Amino acid sequence: MDYAETAAIMKALSDENRVHIVSMIAKQNDICACNILDDLGINQSTLSYHMKTLCSTGLVTCRKEGKWMHYSLDRELFSKVANLLSGFASQK
């Protein structure tokens with residue numbers, strides 16, 4: 001991961017709603033946008049903005065099923081981010 005990619009990921013995770021969304025997806029592996037809307041109590045355009053941000057970094061992937069989008073995490077990328085952060089903590 002280069003510095004620009006790392007910064008984009010950190011920026012995507014710097015919003016409380018996006019962290020909440022990631023947590024929801026992590027618990028269910030795959031979640032419909034309708035369920036995210038119900039839980040967060042936000043409107044469709046706000047959700048679209050947050051999902052565009054998360055998907056553009058590669059943290060979240062999406063697929064269309066009927067009229068709804070379904071989201072899942074790229075767990076491999078999250079693992080890389082975790083390893084990167086862990087490496088920062090262990091450096092002296």
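User: How do the axes of α1 and α4 cross?
Analyst: Keep in mind that this is a predicted model. Helix α1 (residues 3-12) and helix α4 (residues 44-57) have axes that come within 9 Å and cross at roughly 155°. Angles over 145 degrees count as roughly antiparallel, and so α1 and α4 are roughly antiparallel to each other.

User: Is that crossing left-handed or right-handed?
Analyst: The α1 and α4 crossing is left-handed.

User: Which residues meet there?
Analyst: From α1 you have Ala 8, Ile 9 and Ala 12, and they meet Thr 53, Leu 54 and Thr 57 of α4. Sorted by class, that contact has four nonpolar and two polar residues, with no charged ones.

User: What about α1 and α5, how do their axes cross?
Analyst: The axes of α1 and helix α5 (residues 75-90) come within 12 Å, crossing at roughly 100°. That makes the two helices roughly perpendicular.

User: And which residues meet in that pair?
Analyst: Glu 5, Thr 6, Ile 9 and Met 10 on the α1 side meet Leu 77, Val 81, Leu 84 and Leu 85 on the α5 side. By class, there are six nonpolar residues, one polar and one charged.

User: Switching to strands: how many bridges join β2 to β3?
Analyst: Six bridges join β2 (residues 60-65) and β3 (residues 68-73), and the strands run antiparallel. As one example, Val 60 has Leu 73 as its bridge partner in β3.

User: What is Gly 66 doing in that hairpin?
Analyst: The hairpin has two residues between its strands, and Gly 66 takes a positive phi near 65°.

Notes
Residues are numbered from 1 along each chain as its sequence is written. This is a predicted model: local features need pLDDT of at least 70, side-chain atom pairs count only at pLDDT 80 or more; totals for chains, interfaces and linings use all residues. Side-chain values use heavy atoms; hydrogens and water are left out. Two strands pair if DSSP finds at least two bridges between them. Helices (H or I, at least four residues) and strands (E, at least two) are DSSP runs, numbered from the N terminus. Axes are lines fitted to C-alpha atoms, for helices over the stretch in contact, and angles run from 0 to 180 degrees between N-to-C directions. Angles under 35 degrees count as roughly parallel, over 145 as roughly antiparallel, 65 to 115 as roughly perpendicular and the rest as oblique. A crossing is left-handed if the near helix is turned anticlockwise from the far one by less than a right angle, and right-handed if clockwise. Contact means heavy atoms within 4.5 Å. Ala, Val, Leu, Ile, Met, Phe, Trp, Tyr, Cys and Pro count as nonpolar, Asp, Glu, Lys and Arg as charged, and the others, Gly among them, as polar.
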